[in-house]
Each structure stands twice: as C-alpha cells, then as structure tokens.
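Below is what I looked up, in the order I got to it.

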Amino acid sequence: MLDNPSLIYEGPLNPWLDKQPAPLVLLHDGGGTTFSYHCLYPIGRTVYGIHNARLDEGGYWETGISGMAAHYVKLIESVLPAGGEILLGGELLLHSDAGGHSKISHNLLNHAELMLFEGWSLGGHLSIEVAWQLANPPADSNRPKFKVLGMIFLDSVCPTRIFEIRNMPDTTAKPIVKSPEELKEMPLREKVDLNMTHARMMIARWKMPDWKGRETEIPPTVLMRAKEYVQDEGQTFVDYARDLQLLGWDEYHDACWIKEVVELDGHHFNIFEEVYLRDVTMKIAAAADQLDKLDY
C-alpha cells in the first residue's frame with residue numbers, strides 16, 4: 001500500500017519566485033484509489049494523492065463524508081505541518097457497469113495490479129467538505145492553518161442534482177459487512193466495487209456544507225467536464241447531467257464559486273487513458289496556475 005498521502009510528484013524549487021507554487025492535493029475516487037493521478041505527467045508543482053484510508057476494509061466510514069474529510073485534514077497536516085496555501089482536487093464517484101463491476105480499461109487494470117486500481121472519484125465532494133472544515137477550525141485550535149486557493153473538479157456531478165434526476169437515494173441501505181478473512185482474500189477489483197457501493201451510501205446521507213452568507217469564502221473552482229457520452233449499456237448513470245453545462249452545480253450556491261468550465265477529451269471513464277493523458281495533464285496544470293497566480 002502507498003503512503004497516505006502519497007507524494008505523486010515533488011515540484012521544482014524556484015528560487016526566483018517570491019513564493020513557491022502551492023501543492024495540489026488530489027482526493028480519491030469512489031473506488032478508494034488514486035491510481036489515475038499517478039498516471040499524470042508532472043505539472044510544475046508538488047502533487048499529493050490521498051486514497052481511502054479504509055480501502056482494504058471496504059471503504060465505509062460510520063462518520064460519513066464529514067468524518068472521512070476530518071481524517072484527511074489530519075493527513076494533509078502530517079505532510080504540511082507548517083500549514084500554508086494549498087489546492088484541492090478530485091473526480092466524480094465511479095459507478096459500476098451493467099454487470100456490477102467497476103468500469104475501467106484493461107490497460108489500466110494490468111498496471112493497477114502492481115499498484116492501485118483506479119476509478120473516477122467522489123474527490124470533488126470531499127474537496128468541498130475538506131475546504132469547509134479548513135475554513136471552520138475549532139476556536140481553540142492550535143493546528144496548522146491552511147488557505148485553500150482553489151479546487152479542481154474532474155467531471156464531478158452535483159449529487160443533489162443526480163438524486164433529483166434519478167429519484168434517489170435510498171438512505172436506508174446498510175453497509176456490507178465482510179470478515180477480516182474475506183477482506184484479506186478479496187481481489188482488488190472487488191474491493192474497489194465494495195468501496196464504490198459504500199461511497200454511494202455515504203454521499204446519499206451527506207449534508208453538503210452550507211456557506212449561506214459566506215459564499216465568497218468558497219474556494220474558486222475550475223470545473224472540468226468530459227465532452228463525450230459513455231456508449232456502453234448500463235453506463236449512462238454518469239451522463240444524466242451531461243447536458244447541463246455545470247453538471248448540476250448551479251443548484252449549490254448558484255455555482256457562484258465556479259470560475260471556469262473546461263472540456264476534457266473522452267468520456268467519464270477514459271479521460272485518464274494514455275491517449276488523453278497529455279491533454280488532461282495540461283488542463284490540470286493550467287487550472288492550478290490560474291488558481292495560484294504566482295509573482296515572477
């Protein structure tokens with residue numbers, strides 16, 4: 001298992017800058033992994049990835065999305081103990097195919113068996129929750145202070161909009177319990193599917209942070225959206241909001257915090273495949289530079 005957070009790339013030291021580029025912290029997908037982030041090319045700044053700390057236990061948190069985010073704040077503090085400026089990012093929750101299995105290319109799967117298997121993430125939702133908690137530390141806290149300069153969403157759909165379209169969610173669903181022996185023998189693909197199922201349950205119960213009256217404190221965000229629709233039968237779930245330019249986020253504080261929408265080549269499930277890697281890397285790099293304007 002990788003360190004958590006894992007250092008994906010260490011950014012170059014630029015002595016001619018008044019300040020160094022803020023690190024980009026990428027939060028995991030619904031399947032619990034950060035494999036696709038490790039496929040990116042360097043972007044001129046330090047990049048960390050945070051995978052689900054309970055990936056091998058099935059990925060369920062009794063404390064839900066907020067409890068998960070609180071733990072990830074501590075993980076961020078562990079690698080950046082002095083605090084400072086950071087960028088957050090992540091992707092949409094991965095959904096399974098018609099046969100109930102996570103959708104991912106065979107090329108990625110072959111590599112993932114050596115590292116971590118990747119699906120597309122609830123990282124955008126986690127970014128909002130982490131940003132909220134960093135903006136609202138306990139009054140007596142002496143923990144490191146962070147400023148979130150911005151967020152990058154990779155095809156992340158607003159959950160409340162999806163729930164309206166799909167007439168969901170089922171908030172009565174119970175987590176799937178597996179014995180330690182079963183989890184130990186479970187192939188990574190099955191663990192990803194289990195994490196995915198539990199992620200949907202937690203999002204269904206998540207109360208999104210309410211920034212009413214403080215909308216200007218929501219970190220400015222670049223929303224990246226896949227251009228294409230998924231064609232395979234059973235894969236249309238991720239495309240229900242595809243016709244909406246803001247992927248439903250206009251329902252969350254009128255999307256006043258989304259500063260730009262950028263289109264990505266490919267569809268939801270293949271934006272990290274090799275043919276699109278340079279494109280998505282360049283667009284992530286440009287978004288990070290836009291949100292973290294440096295003085296030369």
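**Entry 1: a word I need first**

Before listing anything, I wrote down that "buried" means under 20% relative accessible area and "exposed" means over 50%, with partly exposed in between. I also noted that this is a predicted model.

**Entry 2: helix H8**

I started with H8, which covers residues 274–291. It has 18 residues and reaches 26 Å from its first C-alpha to its last, close to the 26 Å expected at 1.5 Å a residue.

Which residues of H8 are buried? I found Tyr276, Leu277, Asp279, Val280, Thr281, Ile284, Ala285, Ala287, Ala288 and Leu291. A reminder from class: an α-helix has 3.6 residues a turn, so residues three or four places apart point the same way.

Next I checked what those buried residues pack against, and got strands E2 (24–27), E4 (84–91), E5 (146–154), E6 (221–226) and E7 (258–264). H8 lies across these strands, running at about 150 degrees to E5.

I looked up the confidence. The protein averages a pLDDT of 84, and 84% of the residues score at least 70. Over residues 93–120, though, the pLDDT is below 50. Beyond near neighbours in sequence, that stretch still has 95 contacts in the model.

In what order do the strands of the open sheet come? I read off E1-E3-E2-E4-E5-E6-E7, seven strands with mixed pairing. Why is one side of E1 and of E7 left without a neighbour in the sheet? Both strands stand at the edges with a single partner strand each, so one side has nothing beside it in the sheet. On average, neighbouring strands here are turned by 25 degrees against each other, direction ignored.

Then I went through some of the pairs.

- E1 and E3 are antiparallel, with three bridges; Leucine 7 stands opposite tyrosine 48 in E3.
- E2 and E4 run parallel and are joined by four bridges; valine 25 has leucine 88 in E4 as its bridge partner.
- E4 and E5 also run parallel, joined by eight bridges; glycine 84 stands opposite phenylalanine 146 in E5.

I checked how covered E4 is: six of its eight residues are buried. I also looked at H2, which lies across E2, E3, E4 and E5 and runs at about 145 degrees to E3.

**Entry 3: the cores**

The largest nonpolar core has 45 residues. Which members touch the most others? They are Ile76, Leu88, Ile128, Met151, Trp249 and Trp257. Several elements each supply at least two residues, including E2, E4, E5, helix H4 (123–135) and helix H7 (188–205). H2 gives the most, with seven residues.

I followed up on tryptophan 257. Leaving out residues up to four places away in sequence, its contacts are Ile128, Met151, Phe153, Ile218, Pro219, Pro220, Thr221, Trp249 and Tyr252.

**Entry 4: lysine 147**

Lysine 147 lies in strand E5. Is lysine 147 buried or exposed? With a relative accessible area of 51%, it is exposed. Not counting residues up to four places away in sequence, lysine 147 touches Gly84, Glu85 and Ile86. I also looked at alanine 22, which is 125 residues from lysine 147 along the chain; their C-alpha atoms are separated by 9.9 Å.

I found a cis peptide bond between asparagine 4 and proline 5, with omega about 5 degrees. Proline 5 sits in the segment before E1.

Leucine 247 has a positive phi of about 55 degrees although it is not a glycine. Leucine 247 lies in the loop between E6 and E7 and is buried, with a relative accessible area of 0%.

Alanine 255 is found in the loop between E6 and E7. Its phi is positive, about 55 degrees, and alanine 255 is not a glycine. At 8% relative accessibility, alanine 255 counts as buried.

Note on methods
Residues numbered from 1 in each chain as written. Predicted model: local features only at pLDDT ≥ 70, side-chain atom pairs only at ≥ 80, totals over all residues. Heavy atoms only, no water. Expected span 1.5 Å × (residues − 1). Buried < 20%, exposed > 50% of the residue type's maximum accessible area, 1.4 Å probe, protein only. Contact = heavy atoms within 4.5 Å. pLDDT = per-residue confidence, 0-100. Core = buried A, V, L, I, M, F, W, Y, C linked by side-chain atoms within 4.5 Å. Pairing = 2+ DSSP bridges. Axes fitted to C-alpha atoms, helices over the stretch in contact; angles between N-to-C directions.
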